[in-house]
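Walk through this two-chain structure with me.

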Amino acid sequence: MMFRVPKTPPGAPLLIVEHMTMRFGGLIAINDLSFTAKAGEITALIGPNGAGKTTVFNCITGFYKPTSGRMALIKGTHDPAQIVATTRLGGRWSPGATQPQTPGVFLLERMPDYEIAAKARVARTFQNIRLFPGMTVLENLVVAQHNQLMQAAGWFTGLFGAASYKAAERQAVEKAATWLDKIGLTARADDAAGALPYGAQRRLEIVRAMCTEPVLLCLDEPAAGLNPRESAELNALLRAIRQDSGVSILLIEHDMSVVMEISDHVVVLEYGTKISDGTPEHVRNDPKVIAAYLGVEDEEVGIRDQGPGIRG
Amino acid sequence: MTEPSAQAANAPSLTGTSAYNHSEPITFIRQLRYAGVAMLLAFGLSMPLLALKLSQDISNHLIVEQRFLLLASAMLIAFACGLRWRLFGLRSQWPAEALYLVLSALLLFFLIRAFHGLGSLFEATLDKGGSEFLIALGLLACGTALQSALAYALHVERDRWAAALPAMPEGLAARFGGHCAKHANTGALVALVAFPFLMLALTGTAGAIKWVDNFGVQILIYIMLGWGLNIVVGLAGLLDLGYVAFYAVGAYAYALIATQVIPATFPALGVWAFWICLPIAGLLAALWGVILGFPVLRLKGDYLAIVTLAFGEIIRLVLVNWTEVTKGDTGIQTPRITFFGLPFASATGDRTFGEVFGLSGSPTIYRSIFLYFVILALALLTAYTTNRLRRLPVGRAWEALREDEIACRSLGIDTTSTKLTAFAIGAGFGGFAGAFFAARQGFINPKSFEFIESATILALVVLGGMGSLLGVALSAFAVIGGTELLRELDWLKSIFGPTFDPAQYRMLIFGAAMIAMMIWKPRGLISEREPSIFLKERKAVSGTLVKEGHG
Ligand SMILES: Nc1ncnc2c1ncn2[C@@H]1O[C@H](COP(=O)(O)OP(=O)(O)OP(=O)(O)O)[C@@H](O)[C@H]1O
Ligand SMILES: [Mg+2]
């Protein structure tokens, strides 16, 4: 609907992360991480607890500023020269990147969080669900369409009941209803989001992110705490999202069955360093990954992270 | 009420009130400790009130009278009460205990004040020093009796009420809320419009001035202020303890523009002063809202509260000290409101409202009724705007901000401008109310804009239920109307003596009501949230799910 043309063609690089490092005081949470997420694919980010996966998300979505590194989100065709030029120029994005018709580059490390969501269109969910619990399911999805509605309402012209705003609101509700249908929550549209069961809250958080019309959807452990049936529902939802809307997905997941089943590309982190990067098949057979997951399990048990700040 | 297992576990108290921890076995040492805490509390509460008294000696010099014996008696009473309580073995959960403690301290204060009211008799005995102890013993007896009754009522009866009490207001509120939304809106409006005329018919001119001005206008001012602050606190979840600053900005904007700017530029517009200044006052206050908003954007919770509180004080201190402009504590005489250019009374012989409309009688009543309708219109404007805004993206973003700021940002909502609009719009309504206040009073000085006003307005919002317009209106009605009603209780003087002033106790009653609310309705009179939009049916959201905001 409001989708930006030109879209990054499937298979072309969408997000290019280069030499990203994040330090918290003396702790190096991410160490010189580089990877590329391609358009139309599901890229999984896996690793033991405390490996720095959520921190990568927080950097990409602007909640943390990485200590160093570049994160380029490509809109349209990939042009390495344009990334270099934009970096040199010192802007947050290449000229014209925010116009609908032109290709461009967003340098995420230079943008504040809400701008990354609004302009570069990277949406995310959180490891600990962050819905608006006191608002209804429908309201959650309408709030997600804030920027579109804001354009229709202006700051205050909507006060006087402008017809254009009413139409925009109706459209927003329709979009929300479509998504609710997909996750089977239509019957609960008018209930408080905080009153939903856990699995439904997870799905709602994902479609809320989808309502912002993202090009890249970052999901932080969407299957955590779900029972097998809910897990299967989630898999179906993610596949549907990719097929129907062509959104690329960046996925953090501990459940290997989910990862191996739906992802096209896997990046493995351990103590902030990338130890493997490739197809699920490749990663599954990588001795380093096997060592990380099997060899050191006992050590890992004791160090569930408790760090402050935005967790998931 | 407590589970036996919890008592057996004897877990260390997390509340830091281990002295009251009912899971511990009662030993005499514990009782002593407990009574000691009560005594210290009484010391803290009554020290400034009882121990030192300013009075004048024969040559009219101020002297400080020391009444440490009285203080000691108060502490003794508290100690005794605390001890007695333990001995009787009445135990409950710690919030209830804290309540009793505070109540008994308040009770003490109340009784002492009441005895003061008995006048010279008490003073005479008091001055003899030695008999203070006797009086204290009498008080102890009274206090103990009252406390026993209270404890009995709260403990024994509470168990019986426990099922009914919390459920009843909840259901009532829900039904009342639903009712009001559906049928009673128009009814309420008609009642509000008819109110001044009804009063005029029922109580005559003099009575009507009192009811319309002291009750109607006064309550509506606070309803409007509560609704204005509700935008900031109730919707956006930003705890603002300095709201009175914007009220002051509005009032002084009116006073200064009407007395200085307009006479110097377009004196002919003088009669229109209020109507010209009203929008300006609102805009100026909104501007100050933004000015306050900028530095506090990054602050959350307690820090935000403290800075806004300081901001309120800064504005007041500037008003006090910038004497060339504001005339400091002397205050400013402001022109009275006019009926769209027609004055209600005129010293210079201009045609007045009464003359033009052929109405004889006191101009005050006409002015009061007009003021009533102006503030009613302003308050309704506030309510209308709030209701509209809640259904607009800005309003939804405010509520989302209250629920979860980080999630907001992840959805591309610019939280900075969202917070600033909340501050600005809330402040703007405060400014309107301020201009109205100045035009109504005919005189303003910084005394009207002290911290207690901010606290009262915030209390209205919290008591009413954050975010609920109806709740805020009800609490304003109860609190402000109740305060005014206390002035009507002159007959109490025949019991407590001529110096007894019931209105003086409103803070006490207010405090007790607040504590009771904290225990039984911690989320205010109407805690349910009305959704701003719905797909199939409008269902209220239970207050327990709604967040209070953290910034
Ligand atoms: N704000 C912060 N301040 C300090 N240290 C932090 C902060 N955020 C994360 N860390 C630390 O960075 C490291 C990586 O944490 P991160 O949350 O990214 O791990 P994760 O891979 O998401 O783990 P999990 O699977 O448990 O979610 C941890 O050691 C954590 O304690
Ligand atoms: Mg994590």
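Start with Glu139(A) and Arg529(B), whose side chains meet in a salt bridge at 2.7 Å, N to O. A salt bridge here is a side-chain nitrogen of Lys or Arg within 4 Å of a carboxyl oxygen of Asp or Glu. This is a predicted model, in which local features need pLDDT of at least 70, side-chain atom pairs count only at pLDDT 80 or more, and totals for chains, interfaces and linings use all residues. Residues are numbered from 1 along each chain as its sequence is written, chains are lettered from A and ligands numbered from 1 in the order in which they are written, and side-chain values use heavy atoms, with hydrogens and water left out.

Stay with Glu139(A). Its place is in helix α4 of chain A. Helices (H or I, at least four residues) and strands (E, at least two) are DSSP runs, numbered from the N terminus. Is Glu139(A) buried or exposed? Glu139(A) is buried, with a relative accessible area of 0%. The scale is simple: buried means under 20% relative accessible area, exposed over 50%, and partly exposed in between (1.4 Å probe, protein chains only). Leaving out residues up to four places away in sequence, Glu139(A) touches Arg529(B), Pro531(B), Ser532(B) and Ile533(B). Contact means heavy atoms within 4.5 Å.

Now widen the view to the whole interface. Here 45 residues of chain A are in contact with 39 residues of chain B. The area buried between the two chains is about 3,600 Å², and carbon and sulfur atoms give 68% of that. Buried area is the accessible area (1.4 Å probe) that two parts lose on being put together, summed over both. Between chain A and chain B there are 5 salt bridges. The interface also has 13 residue pairs in polar contact, both residues at pLDDT 80 or more. A polar contact is a pair of N or O atoms within 3.5 Å; within protein, one must be able to donate a hydrogen and the other to accept it, and residues adjacent in sequence count only if both atoms are side-chain atoms. On the side of chain A that touches chain B, the elements giving two or more residues are α3 (113-120), α4 (137-143), α5 (146-153), α6 (163-182) and α7 (198-210). The largest share of that side, 5 residues, comes from α5(A).

A further salt bridge pairs Arg130(A) with Asp404(B), the closest N and O atoms being 2.9 Å apart. Arg130(A) lies in the loop between β6 (122-124) and α4 of chain A, and Asp404(B) in the loop between α14 (393-403) and α15 (405-410) of chain B, so the pair joins two chains. Asp404(B) counts as buried, at 7% relative accessibility.

Other pairs stay inside one chain. In chain A, Glu233(A) and Arg203(A) meet in a salt bridge of 3.6 Å, N to O. This pair links distant parts of the chain: Glu233(A) sits in helix α8 (residues 228-245), Arg203(A) in helix α7, 30 residues apart. Glu233(A) is partly exposed at 30%, while Arg203(A) is buried at 14%. In chain B, Glu313(B) forms a salt bridge with Arg316(B), with the closest N and O atoms 2.9 Å apart. These two are separated by about one helical turn, because they are 3 residues apart in helix α10 (residues 301-321) of chain B. Arg316(B) counts as buried, at 17% relative accessibility. Salt bridges that share partners also join Glu139(A), Arg390(B), Glu399(B), Arg402(B), Glu403(B) and Arg529(B) into one network. Over all chains, the count comes to 26 salt bridges.

Next, the chains themselves. Chain A has 12 helices and 10 strands. Of its 312 residues, 55% count as buried. Chain B has 20 helices and 6 strands. Of its 551 residues, 48% count as buried.

Leu52(B), Leu54(B), Leu62(B), Val64(B) and Phe68(B) make a nonpolar patch of about 510 Å². Patches are made of residues with over 30% relative accessible area and no salt bridge: like charges are joined within 9 Å, nonpolar side chains (Val, Leu, Ile, Met, Phe, Trp, Tyr) within 5 Å. Accessible areas come from the Shrake-Rupley method with a 1.4 Å probe; for residues, only the protein chains shown count as cover. Strands β1 (52-56) and β2 (62-66) of chain B each supply at least two residues of the patch. Leu62(B) lies in β2 and is exposed, with a relative accessible area of 59%.
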